[in-house]
Amino acid sequence: MSPSTNQPPQAEGRRSRLVRDRQTISWLLGASAFVLLALVSVLAITTPAPDYVQGEASRLIYVHPATAWVSYAAFATNVVCALLWLWPRTRKIGWDHAAGAAAHIGVFFVSMTFVLGAIWGRGTWGTFFRLRDARMASTLVLLLMYLGVVTLRQLPSSPTSRARRTALGSLLAFVNVPIVHFSVLWWDTLHQGPTLAKPEKPSIDGMPLATMLLSFVAFTVLFSWLMIHRTRIERWNDALLGDDLDTAITARQAEGRVARSGIPA
Amino acid sequence: MWNDARVVLAKDLAVEWRSHVALRQVLPFVFTVVLLFAFGLDRVLVNDPLVSGDTVPVAYVAPGVFWLAVLFSAVMLVQRSISSELDDGAWDQLRLWGLDPAGVFVGKAAAVALQLLAIEVLLGGVVCVAFGVSVPSSPGAWLLIVTVMVLATIALSAVASCYAALSAGIRVRETLLPVLLLPITVPLLLASVQAWQGALTAETAAGWAWVRVDAVFAVVYVAVGVLAYGALMEE
């Protein structure tokens with residue numbers, strides 16, 4: 001049964017308007033992300049390489065820091081949604097869907113950061129991976145921790161039980177992020193210092209700086225668009241869980257009726 | 001809270017006293033792990049006068065092997081700690097007693113910590129023998145070793161107890177728990193190993209710097225456990 005079947009016409013109208021508005025926002029975000037990413041790609045190829053010593057490999061500065069930023073933003077979103085689910089006054093299944101979406105997106109972007117960093121590292125330091133590097137190690141640990149959260153989420157259980165597990169798993173993992181960050185920073189690092197976030201003048205300027213800042217905007221818009229759609233998928237998955245058996249039985253009965261009437265299915 | 005913690009601690013220690021799981025299963029397992037490391041790493045250690053070439057001082061290898069073995073034993077101990085609650089609806093009975101969840105957490109974590117400390121003391125001797133570690137003579141080095149041991153054990157017991165409760169109601173908890181727990185313990189492993197390396201190489205000042213990570217980890221996860229164990233117990 002559709003959720004809107006027994007609703008008055010006014011509520012039905014409000015609902016369809018809300019759906020339309022959401023679709024418009026999603027379309028605008030998707031189109032903006034596509035245009036911005038295309039622009040970043042063109043600028044990244046046409047502007048001069050931002051570092052003379054690192055050469056062409058330094059063009060990865062237009063992608064790698066932005067993907068890292070999105071992964072951190074996704075994990076922060078994940079823990080905020082988890083806390084909103086855990087807090088009884090704000091508890092809604094929608095927060096769990098958003099937390100799950102953010103965890104999945106975070107794992108994707110942190111993997112992307114890791115792969116892009118490895119390619120950059122090969123070009124600059126001559127090695128794909130070095131465990132004794134603070135940021136490589138912390139990124140790897142972050143990936144492993146949140147793979148655990150995603151695994152926890154995918155285990156079969158009721159939506160409430162899954163939501164509680166995800167929220168608590170996210171909280172337990174997130175409080176470890178600063179400890180991992182500082183412990184491996186004290187350990188050792190090959191990485192260059194911050195390029196933008198430092199008290200004195202940034203290490204790059206002009207078009208390279210503008211392109212890098214644009215890449216942050218483009219990836220943030222992409223993240224927002226992905227959040228909307230991944231949250232929608234999480235909601236659909238739950239709906240499917242509820243209807244799954246009924247749908248399967250109806251489909252099987254229909255097949256049976258077709259078989260009995262002698263018409264090939 | 002403290003009274004409830006004492007009750008749960010006494011219960012868990014009584015279960016261990018009667019079953020001897022830590023003594024008869026966990027301890028032989030970690031001894032075997034240490035010996036396997038010793039066999040596997042024999043060509044890279046400098047305690048063997050017959051070995052030459054690219055070698056590493058045992059003072060750098062032994063702490064790593066020790067703390068890895070401790071991590072594995074912690075996984076086994078918390079799995080045992082939670083599985084004993086899941087038989088015959090004991091976990092639900094524990095909730096029905098109306099105990100403070102923070103007290104249950106402190107009691108269970110303390111029981112794991114005490115068993116872990118006992119294993120660590122015995123394991124330390126095995127590592128010294130298997131790897132030929134020269135025991136430090138300065139009181140400063142010993143103070144560093146003991147401080148790290150206590151802090152890391154509290155931290156490890158707290159975080160492992162939280163994850164054990166989180167995975168309690170899951171059918172695949174035996175395989176899931178290490179996947180969830182071990183990545184979280186990376187800073188703890190790093191800090192404890194570095195601090196012990198400092199103690200064994202007479203660089204205690206560098207070692208003490210790492211104690212901060214152990215202390216922060218312990219405080220954070222004890223606090224999270226105390227605050228969140230009520231929700232974790234509902235799992």
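Chain A is built with 7 helices and 0 strands, where helices (H or I, at least four residues) and strands (E, at least two) are DSSP runs, numbered from the N terminus. The model is a predicted one, in which local features need pLDDT of at least 70 and side-chain atom pairs count only at pLDDT 80 or more, while totals for chains, interfaces and linings use all residues. Residues are numbered from 1 along each chain as its sequence is written, and chains are lettered from A and ligands numbered from 1 in the order in which they are written.

Read from the N terminus, the elements of chain A follow the order α-α-α-α-α-α-α. Of its 265 residues, 32% count as buried; here a residue is buried if 20 or more other C-beta atoms lie within 10 Å of its own, exposed if 12 or fewer, and partly exposed in between, with C-beta atoms placed from the backbone. Contacts are defined with C-beta atoms placed in this way too, and two residues are in contact if these atoms lie within 7 Å. Among the contacts in chain A between residues at least 6 apart in sequence, 76% join residues at least 24 apart. Helix α1 (residues 9–46) of chain A holds A:Val42, which is exposed, with 11 other C-beta atoms within 10 Å. The C-alpha atoms of A:Val42 and A:Gly148 are separated by 37 Å, and the two residues are 106 residues apart along the chain.

Along its principal axes, the C-alpha trace of chain B spans about 60 × 30 × 30 Å. In chain B, buried residues make up 46% of the 235 residues. For contacts in chain B between residues at least 6 apart in sequence, 82% join residues at least 24 apart.

Two loop residues of chain B deserve a look for their backbone angles. B:His20 is not a glycine, yet has a positive phi of about 55°. B:His20 is found in the loop between α1 (2–19) and α2 (21–40) of chain B, and counts as exposed with 11 C-beta neighbours inside 10 Å. B:Ala202, also a residue other than glycine, has a positive phi near 60°. The loop between α8 (186–200) and α9 of chain B is the place of B:Ala202, and this residue counts as partly exposed, with 14 C-beta neighbours inside 10 Å.

The contact between the chains takes 22 residues from chain A and 23 residues from chain B. On the side of chain A that touches chain B, the elements giving two or more residues are α4 (134–154), α5 (159–174) and α6 (177–187) of chain A. The largest share of that side, 7 residues, comes from α5(A). The residues on this side of chain A divide into 15 nonpolar, 5 polar and 2 charged; Ala, Val, Leu, Ile, Met, Phe, Trp, Tyr, Cys and Pro count as nonpolar, Asp, Glu, Lys and Arg as charged, and the others, Gly among them, as polar.

Within this contact, α5(A) packs with helix α6 (residues 139–166) of chain B at an angle of about 165°, with their axes 11 Å apart. Axes are lines fitted to C-alpha atoms, for helices over the stretch in contact, and angles run from 0 to 180 degrees between N-to-C directions. The helices α5(A) and α6(B) are therefore roughly antiparallel to each other, a label for angles over 145 degrees. The crossing of α5(A) and α6(B) is left-handed, that is, the near helix is turned anticlockwise from the far one by less than a right angle. From α5(A), the contact is made by A:Arg165, A:Leu168, A:Gly169 and A:Leu172, and from α6(B) by B:Cys162, B:Tyr163 and B:Leu166. The residues of this helix contact divide into 5 nonpolar, 1 polar and 1 charged.

Another residue of chain B that touches chain A is B:Val213, which lies in helix α9 (residues 204–233) of chain B. B:Val213 counts as buried, with 25 C-beta neighbours inside 10 Å. Not counting residues up to four places away in sequence, B:Val213 touches A:Ile179, A:Ser183, B:Pro187 and B:Ala191. The C-alpha atoms of B:Val213 and B:Val148, which are 65 residues apart along the chain, are separated by 10.0 Å.

Definitions and conventions:
Parallel < 35°, antiparallel > 145°, perpendicular 65-115°, else oblique.
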